[in-house]
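Please look over the sequence and the structure before reading on.

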Amino acid sequence: MTIDWRPDRGIHRTVLALGAGGLVVVTTGAALDVMWLLGIGVWGLIAAMVIELVYRP
């Protein structure tokens with residue numbers, strides 16, 4: 001088993017936080033039928049995916 005490098009854990013936490021936050025905001029925006037909340041949530045999910053794809057240790 002390999003030991004995770006400390007900055008990798010930080011990036012992983014950031015991706016998880018952005019993804020979870022974006023998902024919550026998208027769900028709230030869809031439930032309340034508020035498009036700007038939906039848009040902010042989608043951009044949060046996109047940011048999480050881009051960070052995950054670009055940052056490969």
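The sections below treat the chain as a whole, then its helices, its loop and its surface.

## Basis of the report

This is a predicted model, in which local features need pLDDT of at least 70, side-chain atom pairs count only at pLDDT 80 or more, and totals for chains, interfaces and linings use all residues. Residues are numbered from 1 along each chain as its sequence is written, and side-chain values use heavy atoms, with hydrogens and water left out.

## The chain as a whole

The chain has two helices and zero strands; helices (H or I, at least four residues) and strands (E, at least two) are DSSP runs, numbered from the N terminus. Of the 57 residues in the chain, 18% are buried. Here buried means under 20% relative accessible area, exposed over 50%, and partly exposed in between (1.4 Å probe, protein chains only).

Among the contacts in the chain with a separation of 6 or more, 50% are between residues 24 or more positions apart. A contact means heavy atoms within 4.5 Å. The accessible surface comes to about 4500 Å², and carbon and sulfur atoms hold 73% of that area. Accessible areas come from the Shrake-Rupley method with a 1.4 Å probe, and for residues only the protein chains shown count as cover.

## Helix α1

Helix α1 (6-32) has 27 residues and reaches 39 Å from its first C-alpha to its last, close to the 39 Å expected at 1.5 Å a residue. The expected span is 1.5 Å times one less than the number of residues in the helix. Its buried residues are Asp8, Val15, Gly19, Gly22, Val26 and Gly29, and their cover includes α2.

Ile11 also lies in α1. With a relative accessible area of 26%, Ile11 is partly exposed. Apart from its neighbours within four places in sequence, Ile11 is in contact with Ile51 and Tyr55. The C-alpha atoms of Ile11 and Glu52 are 8.2 Å apart, although 41 residues separate the two in sequence.

## The loop between the helices

Asp33 follows α1 and is found in the loop between α1 and α2. Its phi is positive, about 60°, although Asp33 is not a glycine. Asp33 is exposed, with a relative accessible area of 66%.

## Helix α2

Helix α2 (residues 35-54) has 20 residues and spans 28 Å from its first C-alpha to its last, close to the 28 Å expected at 1.5 Å a residue. Leu37, Gly41, Gly44 and Ala48 are buried in α2. They cover an arc of only 55° around the axis, which puts them on the same side of α2; the arc is that of the directions from the helix axis to the C-beta atoms. The cover over these buried residues includes α1. Met35, Trp36, Trp43, Leu53 and Val54, on the other side of α2, are exposed.

Why does Gly44 count as buried? Its relative accessibility is 12%. The C-alpha atom of Gly44 is separated by 4.7 Å from that of Gly22, 22 residues away along the chain.

Met49 has its place in helix α2.
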